[in-house]
Amino acid sequence: MAKTKDALETIVRMLSPYLGETMARAAAFAHCQKLGIAVDGTEITREQLDALLRKLAQGMNIFVGREKAAAVVAEINAAMAARGAA
């Protein structure tokens with residue numbers, strides 16, 4: 001599994017084209033806090049990653065629609081898998 005910080009960097013990088021870097025970073029970190037996912041020095045579990053991506057997708061629905069949000073989440077999952085993180 002990946003370090004939470006590394007997973008968040010991937011998520012922010014992939015959400016930034018749609019939300020802007022500041023909004024993507026703020027959303028990712030805020031959802032981690034709400035979900036009780038520690039960011040520094042920990043590894044993110046598959047269950048935590050799935051929960052985080054579900055929350056982010058709900059917000060993305062507003063900006064890009066449900067279908068595009070689902071596609072972005074799939075791209076994030078593919079990027080995480082390519083890194084051997086999921």
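Trainee: What should I know about the numbering and the cut-offs?

Mentor: Residues are numbered from 1 along each chain as its sequence is written. This is a predicted model: local features need pLDDT of at least 70, side-chain atom pairs count only at pLDDT 80 or more, totals for chains, interfaces and linings use all residues, and side-chain values use heavy atoms, with hydrogens and water left out.

Trainee: Which residue follows α1, and what is its phi?

Mentor: The residue after α1 is G20. The phi of G20 is positive, near 85°.

Trainee: Which helices do the buried residues of α1 pack against?

Mentor: Buried means under 20% relative accessible area, exposed over 50%, and partly exposed in between (1.4 Å probe, protein chains only). The buried residues of α1 include T4, A7, L8, V12 and L19. The buried residues of α1 pack against α2 (21–35), α3 (46–64) and α4 (66–82).

Trainee: Which residues touch the most other members of the largest nonpolar core?

Mentor: A nonpolar core is a set of buried Ala, Val, Leu, Ile, Met, Phe, Trp, Tyr and Cys residues joined through side-chain atoms within 4.5 Å. The largest one here has 26 residues. Those touching the most other members are I11, L15, L52, L53 and I76.

Trainee: Which element gives the most to this core?

Mentor: Two or more residues come from each of α1, α2, α3 and α4. With seven residues, the element that gives the most is α1. In soluble globular proteins, nonpolar side chains tend to be buried together. The name to keep is α1.

Trainee: What does I11 touch?

Mentor: Contact means heavy atoms within 4.5 Å. Residues up to four places away in sequence are not counted for I11. That leaves A28, L49, L52, L53, L56 and I76.

Trainee: Is L49 buried or exposed?

Mentor: L49 has its place in helix α3. Its C-alpha atom is separated by 9.2 Å from that of I37, 12 residues apart along the chain. L49 is at 0% relative accessibility, so L49 counts as buried.

Trainee: At what angle do α1 and α4 pack?

Mentor: Two packed helices are described by the angle between their axes and the distance between the axes. Axes are lines fitted to C-alpha atoms, for helices over the stretch in contact, and angles run from 0 to 180 degrees between N-to-C directions. The axes of α1 and α4 are 10 Å apart. Their angle is about 145°.

Trainee: Which residues in α4 meet α1?

Mentor: From α1 come A7, T10, I11, M14, L15 and Y18. Their partners in α4 are K68, V72, E75, I76, A79 and M80.

Trainee: What does T10 touch?

Mentor: T10 is found in helix α1. T10 counts as buried because its relative accessibility is 2%. Not counting residues up to four places away in sequence, T10 touches A79, M80 and R83.

Trainee: Which backbone oxygen does the side chain of S16 reach?

Mentor: S16 lies in helix α1. S16 is buried, with a relative accessible area of 19%. At 2.6 Å, its side chain reaches the backbone oxygen of V12.

Trainee: Which residues is A24 in contact with?

Mentor: A24 sits in helix α2. Its relative accessible area is 0%, so A24 is buried. Leaving aside neighbours within four places in sequence, A24 is in contact with V12, L15, S16 and L19.

Trainee: What is A57 in contact with?

Mentor: A57 has its place in helix α3. A57 is buried, with a relative accessible area of 16%. Leaving aside neighbours within four places in sequence, A57 is in contact with A69 and V73.

Trainee: How many Å separate A78 and I11 in space?

Mentor: A78 is in helix α4. A78 is partly exposed, with a relative accessible area of 45%. A78 and I11 are 67 residues apart in sequence. C-alpha to C-alpha, the distance is 11 Å.

Key:
Helix = DSSP H or I, 4+ residues; strand = E, 2+ residues; numbered from the N terminus. Polar contact = N/O pair within 3.5 Å; in protein donor to acceptor, adjacent residues only side chain to side chain.
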